[in-house]
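Trainee: Please take me through one part of this chain in detail. Keep it brisk, and tell me how each term is defined.

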Amino acid sequence: QVQLMESGGGLVQPGGSLRLSCEASGTIFDINAMGWYRQAPGKQRELVAQITTGGATNYADSVKGRFTISRTNAKKTVYLQMSSLKPEDTAVYFCNANLWARGTSSYTDYWGQGTQVTVSS
């Protein structure tokens with residue numbers, strides 16, 4: 001059974017930094033893209049950043065220049081380094097992985113349980 005375990009959320013002041021981590025576990029044959037989404041109260045879930053196995057990245061315009069996504073393929077882990085945080089970054093952040101696992105016949109999206117990030121003074 002595949003699980004995505006997130007860590008690193010919390011409360012930070014505006015202008016501060018946080019680092020989120022997400023590790024995939026289970027019998028995983030291959031991982032395609034991994035990424036982070038977020039959902040603020042009353043809003044739809046949105047893509048924050050995504051990274052492919054080859055290292056290609058994609059960022060939401062609102063976080064470009066402030067957030068950096070990276071991954072360790074061997075450890076099946078993705079990170080999100082968040083800097084210059086703003087109150088509007090407050091949301092639940094979800095890890096996502098598109099992967100092929102035992103018991104499935106194709107690549108499937110999996111989600112973490114979410115971690116709260118609150119930016120407030």
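Mentor: Start with glycine 8. It is found in the loop between β1 (3-7) and β2 (10-12). Strands here are DSSP runs of E of at least two residues, numbered from the N terminus. Residues are numbered from 1 along each chain as its sequence is written. This is a predicted model, where local features need pLDDT of at least 70, side-chain atom pairs count only at pLDDT 80 or more, totals for chains, interfaces and linings use all residues, and side-chain values use heavy atoms, without hydrogens or water.

Glycine 8 has a relative accessible area of 34%, so it counts as partly exposed. The scale is simple: buried is under 20% relative accessible area, exposed is over 50%, and partly exposed lies in between, with a 1.4 Å probe and protein chains only. Set aside neighbours within four places in sequence, and glycine 8 is in contact with Leu18, Arg19 and Leu20. Contact means heavy atoms within 4.5 Å. Valine 117 is 109 residues away from glycine 8 in sequence, yet the C-alpha atoms are 8.6 Å apart.

Now turn to the disulfide. The structure holds one, a disulfide being a pair of cysteine sulfur atoms within 2.5 Å. Cysteine 22 and cysteine 95 form it, with their sulfur atoms 2.1 Å apart. The link is left-handed, at -80° about the S-S bond. Cysteine 22 lies in strand β3 (residues 18-25) and cysteine 95 in strand β9, so the pair ties together parts 73 residues apart in sequence. Cysteine 22 has a relative accessible area of 1%, so it is buried. Cysteine 95 is buried too, at 0%.

Stay with strand β9, which spans residues 91-101. Alanine 97 is found there. Its relative accessible area is 0%, so alanine 97 is buried. Beyond its neighbours within four places in sequence, alanine 97 is in contact with Leu4, Ala33, Met34, Thr108, Asp109 and Tyr110. Glutamine 3 is 94 residues from alanine 97 in sequence, but 9.9 Å from it, C-alpha to C-alpha.

Next, the pairing of β9. Two strands pair if DSSP finds at least two bridges between them. β9 and strand β4 (residues 28-39) are antiparallel, over nine bridges. In that pairing, aspartate 30 stands opposite tryptophan 100. β9 is also joined to strand β10 (residues 108-111), again antiparallel, by four bridges. There, asparagine 96 stands opposite tryptophan 111. β9 and β10 form a hairpin with six residues between the strands, and glycine 103 takes a positive phi near 95°.

β4 has another partner. It pairs with strand β5 (residues 46-51) in the antiparallel sense, over five bridges. Tryptophan 36 stands opposite alanine 49 in β5. β4 and β5 form a hairpin with six residues between them, and glycine 42 in its turn has a positive phi of about 80°.

Finish at tryptophan 100, in β9. At 32% relative accessibility it counts as partly exposed. With Phe29 and Tyr107 it forms a nonpolar surface patch, with about 300 Å² of accessible area together. Patch residues have over 30% relative accessible area and no salt bridge; like charges are joined within 9 Å, and nonpolar side chains (Val, Leu, Ile, Met, Phe, Trp, Tyr) within 5 Å. A salt bridge is a side-chain nitrogen of Lys or Arg within 4 Å of a carboxyl oxygen of Asp or Glu. Accessible areas come from the Shrake-Rupley method with a 1.4 Å probe; for residues, only the protein chains shown count as cover.
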